[in-house]
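Here's a quick briefing to read alongside the model. Have the sequence and the 3D view open as you go.

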Amino acid sequence: MESESSLRERLIDVGVDLVATTGSESLGLREIARRAGVSHGAPRRYFPTLHSLLSAIARRGFEDLGARFAAAVADTASPRAQLQAAARVYVEYALECRGMFELMFRHDLLDSEKQASDGPRLRESTLPLFEHFVALVAQCRTEQDTAKAGGPGTTPPPPAVTAAALWANLHGVAQLWTWGSLQLILGTEPPGGAPRGDQLDQLDRLVAAVLDAHLGPVTS
C-alpha cells in the first residue's frame with residue numbers, strides 16, 4: 001500500500017510533468033488526480049487548495065534551479081566567474097523550462113498571506129537563491145575598486161540592491177528573449193525552441209553586458 005508521503009510526492013511529480021508538457025495554465029486538481037490514478041478528491045487530503053499544490057510544484061522548480069546553480073559554479077574560482085555562470089544558468093533555465101519558470105514567479109503564489117496551507121511558503125523558496133546572488137555581488141566588490149564599480153566619486157549601492165537590480169535585469173532578458181523581442185532588435189532569428197549556437201553566443205554577450213552594467217567591467 002502506498003504511504004501518505006509517497007502519494008503526496010507522486011501528485012507533485014505528476015504536476016511537475018504536466019507543467020513541463022502543457023504549461024502551468026492547464027494545471028488542475030482533477031487532472032493531476034486523474035493522471036496520478038487516484039480519486040479526484042484525493043489531492044485535497046494533502047493540498048487544501050489548488051494554490052497550495054501549485055506552490056509545492058513550483059518549489060520543485062526552485063530546488064532544480066538551485067541544483068543547477070551549484071553544478072554551474074562548482075568548477076569556477078572567482079566570485080565574478082561564479083556570478084556569470086549562475087546568471088547564464090538562470091536565463092537558460094527560463095528558456096528551457098518556460099512553464100515551470102512562469103509558475104515559480106506567479107505573484108499570487110508568492111504572496112504568503114493568500115495561502116491557506118500551513119506548509120512552507122513558496123515566497124521563502126526564493127530567498128536562498130537571491131541571498132546567493134547577494135553574497136557573490138559582495139565578494140565581487142571586495143575584489144575590485146568600488147570607485148570604478150560605481151563610477152568616479154560615487155559610492156555603489158548595497159550588495160542587496162545591486163543583486164536585486166541584477167536579478168531584475170536577468171529576468172527581463174529571459175522574458176524578452178522568450179517573447180522574441182530581443183531577437184527582433186538584435187537582428188537574430190525569432191525563437192523556435194531552444195537557442196542554437198549563434199543565439200547562445202548572443203545570450204552570453206547579453207549576460208556579460210548585464211554584469212558589466214551592475215558591477216563594472218572586468219579589469220586585468
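Contact here means heavy atoms within 4.5 Å. Helices (H or I, at least four residues) and strands (E, at least two) are DSSP runs, numbered from the N terminus. This is a predicted model, where local features need pLDDT of at least 70, side-chain atom pairs count only at pLDDT 80 or more, and totals for chains, interfaces and linings use all residues. Residues are numbered from 1 along each chain as its sequence is written, and side-chain values use heavy atoms, leaving out hydrogens and water.

**Overall fold**
- The protein chain has 11 helices and 0 strands.
- Of its 220 residues, 42% count as buried, meaning under 20% relative accessible area with a 1.4 Å probe, protein chains only.
- Take the contacts between residues at least 6 apart in sequence: 67% join residues at least 24 apart.

**H7 against H9**
- On the H7 side (residues 126–142), the contact residues are Phe 130, Phe 133, Val 134, Val 137, Ala 138 and Arg 141.
- In H9 (residues 159–179), they meet Pro 159, Ala 160, Thr 162, Ala 163, Ala 164, Leu 166, Trp 167 and Leu 170.

- Not counting residues up to four places away in sequence, Leu 170 touches Ala 87, Tyr 90, Val 91, Phe 133, Val 207 and Val 210.

Methods: Axes are lines fitted to C-alpha atoms, for helices over the stretch in contact, and angles run from 0 to 180 degrees between N-to-C directions. Buried means under 20% relative accessible area, exposed over 50%, partly exposed in between (1.4 Å probe, protein chains only).
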